[in-house]
Amino acid sequence: MLLNEIEQAQRLVKTDAYQMSIGEIVTMYENKEIMIDPEFQRLFRWEIGQKSKLIESLLLGIPLPSIFVFEKDDGTWELIDGLQRISTILEFMGRLREGDDLRSPSALEATKYLPSLHNAVWEVSDRINDLPVDEQIAIAKSLQLAIRRSRIAVEILKRPSDDQTKYDLFQRLNAGGSQANPQELRNCVVLMINSDYFREVKTAAEQAVFQTVVSVSVEQHEKQRHMELAMRFLAHALVPYDGRLDVEEYIDESSVTLATAGDAVAAVNLINQTFGLLYEIAGGDALKRFENGQHVGRVGLVGLEGIAVGVAKNLSEILALGAQGSKDFIRRKIEGFWQQPQVATFTSPGLRGTVRIQRTVSFGEAWFKP
């Protein structure tokens, strides 16, 4: 069985590999033969210290890790892994596009082995932010040539490979990176599949009503916590879970399934209607534990999975109760939810997430049924 699964999966991945110079890659980018999704540039961002160390590596002749690209139907390449490395090089050279314009070139800072990289630039330019022209130090033409001639391995995922393999490969390649958390990776995968779906869900998740109910802090927002909770909510509400996959893999797979189906209107309506009701009833307390006549503690996954998803799965029947009737019903059920003996088992020490979500979602669906 395992050997057959391996053989079948291997057939999905068709690859090729080239050694290319940085100059060749830059030329391909300028000719729009290799594409970097601009949304990815906003989701992933290196600090100047990391950028400086990359240029240091090129100048010292230290080999860079391979980049991975997906060959599209028209023969162009889509960058899957290596975003920060290629973007950093293009930005330093002043060639990185941002929409229809060129992004401001970067100026480097000193590194351990090359302290003279402080204020180093590809060429002096008044387009460089926060560094006056008279303080910029252009690197020598010989060093520019050394960078352009530096070689990097390019692994190419060929056209016959299916789209799902492209998304899986992107996640696996980036999962070990220090700059990307699971939701940032998930965002990029959803963007790859259906950018319109991603943007519609993101807009819904960034509304004040949603963020108030899930109690997202500024720091959590920067780490895409609001998008994580929105995608978890949609996954639990719309995609059945059989308990076999790890929770994160289930959310990943569900995100792919929902983005592929592409029903952004249904997703946004479900978020807006569910969280709109919860907000009207209890605002930022709606998903918090209810004890001794008041809401206490923080918003946790049990509240999201049991209450929000429970309401969503019964939304049409709840709305049929009328404006006031639906609110009274949800308020009563929320307060009673936390008093049920089963709910105490949802937060038992050592309880696996795979077990928890099977309990919370099914209980919530039954509990909020009118």
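This note sets out numbered points on a predicted model of a protein chain.

1. Basis of the note. Because the model is predicted, local features are reported at pLDDT of at least 70 and side-chain atom pairs at pLDDT 80 or more, while totals for chains, interfaces and linings use all residues. Residues are numbered from 1 along each chain as its sequence is written, and side-chain values use heavy atoms, with hydrogens and water left out.

2. Overall make-up. The protein chain contains 19 helices and eleven strands. Both are DSSP runs numbered from the N terminus: helices are H or I with at least four residues, and strands are E with at least two. Of the 370 residues, 48% count as buried. Buried means under 20% relative accessible area, exposed means over 50%, and partly exposed lies in between, with a 1.4 Å probe and protein chains only. The chain exposes about 18,500 Å², of which carbon and sulfur atoms supply 49%; such areas come from the Shrake-Rupley method with a 1.4 Å probe, and for residues only the protein chains shown count as cover.

3. Contacts along the chain. Among contacts with a separation of 6 or more, residues 24 or more positions apart account for 69%. A contact means heavy atoms within 4.5 Å.

4. The largest nonpolar core. In soluble globular proteins, nonpolar side chains tend to be buried together. A nonpolar core is a set of buried Ala, Val, Leu, Ile, Met, Phe, Trp, Tyr and Cys residues joined through side-chain atoms within 4.5 Å. The largest one here has 60 residues, and Phe-233, Leu-234, Phe-275, Leu-278, Ile-330 and Phe-337 touch the most other members. Helix 14 (residues 264-282) gives the largest share of this core, ten residues. Leaving out residues up to four places away in sequence, Leu-234 touches Tyr-197, Val-201, Val-239, Leu-258, Ala-267, Leu-270 and Ile-271. A second, separate core has 33 residues, including Met-20, Trp-122, Ile-139 and Ile-147.

5. Aromatic pairs. A pair of aromatic rings is described by the distance of the centres and the angle of the planes. Rings of Phe, Tyr and Trp (its six-membered ring) pair if their centres lie within 6.5 Å; planes under 30 degrees apart count as stacked, over 60 as edge-to-face and the rest as tilted. The whole structure holds ten aromatic pairs. Phe-233 and Phe-275 form an edge-to-face pair because their ring centres are 5.0 Å apart and their planes stand at 70°. This pair links distant parts of the chain, with Phe-233 in helix 12 (residues 225-238) and Phe-275 in helix 14, 42 residues apart. Phe-233 is buried at a relative accessible area of 0%, and Phe-275 is buried at 1%.

6. Phe-346 lies in the loop between helix 18 (341-344) and helix 19, and Phe-363 lies in helix 19, 17 residues apart. Both Phe-346 and Phe-363 are buried.

7. Salt bridges. Side chains of opposite charge can pair when their charged atoms come close. A salt bridge is a side-chain nitrogen of Lys or Arg within 4 Å of a carboxyl oxygen of Asp or Glu, and the count comes to 16. One of them joins Glu-305 and Arg-356 at 2.7 Å, N to O. The pair links distant parts of the chain, Glu-305 being in helix 15 (residues 301-313) and Arg-356 in helix 19 (residues 353-367), 51 residues apart. Glu-305 is buried, with a relative accessible area of 0%, and Arg-356 is buried as well, at 14%. Salt bridges that share partners also join Arg-186, Arg-225, Glu-228, Arg-232, Glu-248 and Asp-252 into one network.

8. Two further salt bridges. Arg-103 and Glu-98 meet at 2.9 Å, N to O, and Glu-98 is partly exposed at 40% relative accessibility. Lys-288 and Asp-285 have their closest N and O atoms 3.6 Å apart. Lys-288 counts as buried at 18%, whereas Asp-285 counts as partly exposed at 30%.

9. A buried loop residue. Asn-119 sits in the loop between strand 6 (101-102) and strand 7 (120-121). Asn-119 is buried, with a relative accessible area of 14%. Apart from neighbours within four places in sequence, Asn-119 is in contact with Leu-108, Leu-131, Glu-135, Gln-136 and Ile-137.
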